[in-house]
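Me: I have a structure open and want a quick walk through it. Can we start with the charges and then move on to the metal?

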Amino acid sequence: MQEENRLRCQLIAVCKRLEQKGLVAAADGNVSCRLGRGRLLITPSGRAKGDLQPLDLLLVDDRGEVLAGAGRPSSEIRLHLLVYEKRPDVQAVVHAHPPMLTAMTLAGMPFPADALPEVWMGFGPVPTAPYATPCTREVPDSIAPFVEDAQAVLLERHGSLTVGRDLGEACSRLEKLEHAAHTLFYAHLMRQGPPEPLTREDLRKLDRIVGRRPAG
Ligand SMILES: [Zn+2]
């Protein structure tokens with residue numbers, strides 16, 4: 001019970017961070033974490049993230065059935081269930097609507113993870129999943145090809161999905177990507193064109209530092 005209370009408080013702290021940093025507005029987005037085997041805590045549908053309290057979170061099983069709490073689970077629960085099914089290493093999932101990252105998908109610009117060394121080391125490639133109707137099965141289907149390898153996926157015209165070994169990591173990854181998107185946007189304006197990627201050799205060196213298999 002102590003662990004559950006700790007995670008409830010952490011998850012609420014993440015919701016407040018997302019709202020304060022403008023990464024969600026009102027009831028946008030959803031956050032979840034594992035609570036032991038086959039059980040998750042997840043935000044309820046239709047509630048402003050900044051107003052949530054620890055006891056508002058729902059306890060659900062790995063099929064999304066509510067075990068405890070009032071209200072319906074988040075409308076994108078299928079997205080979370082898919083990640084937990086495919087990624088035993090993931091303990092927490094954040095789906096948000098970050099303005100700059102989402103704008104990049106609207107502009108049809110793939111996220112250039114290979115332009116900034118620390119983004120490359122932290123994430124490797126950051127794919128964009130093709131447009132899918134929110135709140136339907138199309139959304140998990142759209143991310144399925146990417147979910148096994150990626151720490152972050154952008155959802156075209158919709159937002160972002162970041163995962164982590166805990167709630168703090170899943171949230172920090174989103175903050176880092178949105179921050180990088182601002183930098184890339186300014187660089188784009190200054191150069192009137194997309195930023196140059198690092199060379200393949202520079203990328204390989206970064207891969208070696210973090211022990212990642214070279215991409216592509
Ligand atoms: Zn959404």
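**Charges, fold and metal site**

Reply: In the protein chain, the mean positions of the 27 positive and 27 negative charges lie 2 Å apart. Lys and Arg count as positive, Asp and Glu as negative, and His and the chain ends are not counted. Each charge is placed at NZ of Lys, CZ of Arg, CG of Asp or CD of Glu.

Me: What are the ground rules here?

Reply: This is a predicted model, where local features need pLDDT of at least 70, side-chain atom pairs count only at pLDDT 80 or more, and totals for chains, interfaces and linings use all residues. Residues are numbered from 1 along each chain as its sequence is written, and side-chain values use heavy atoms, with hydrogens and water left out.

Me: How many helices and strands does the protein chain have?

Reply: There are 7 helices and 8 strands. Those are DSSP runs, numbered from the N terminus: helices are H or I, at least four residues, and strands are E, at least two. The radius of gyration is 17 Å, close to the 17 Å from the globule rule for 216 residues, so the chain is as compact as a globular protein of that length. That radius is taken over C-alpha atoms, and the rule is 2.2 Å times the number of residues to the power 0.38.

Me: What share of the residues counts as buried?

Reply: Of the 216 residues, 47% do. Buried means under 20% relative accessible area, exposed over 50%, partly exposed in between (1.4 Å probe, protein chains only).

Me: Now the metal. Which residues coordinate the zinc ion?

Reply: His95, His97 and His158, each through NE2, at 2.1 to 2.2 Å. Donors are N, O and S atoms within 2.8 Å of the metal (3.2 Å for Na, K and Ca); water is not among the atoms, so sites may look incomplete. The spacing along the chain is H-x1-H-x60-H.

Me: Where do His95 and His158 sit?

Reply: His95 is in strand β5 (residues 92–96). His158 is in the loop between β7 (152–155) and β8 (159–164). They are 63 residues apart, so the pair links distant parts of the chain. Both are buried.

Me: Switching to His80. Buried or exposed?

Reply: Buried, with a relative accessible area of 0%. His80 is in helix α2 (residues 77–86), where 7 of the 10 residues are buried.

Me: What does His80 touch?

Reply: Asn30, Val31, Ser32, Ile42, Val93 and His95, leaving aside residues up to four places away in sequence. Contact means heavy atoms within 4.5 Å.
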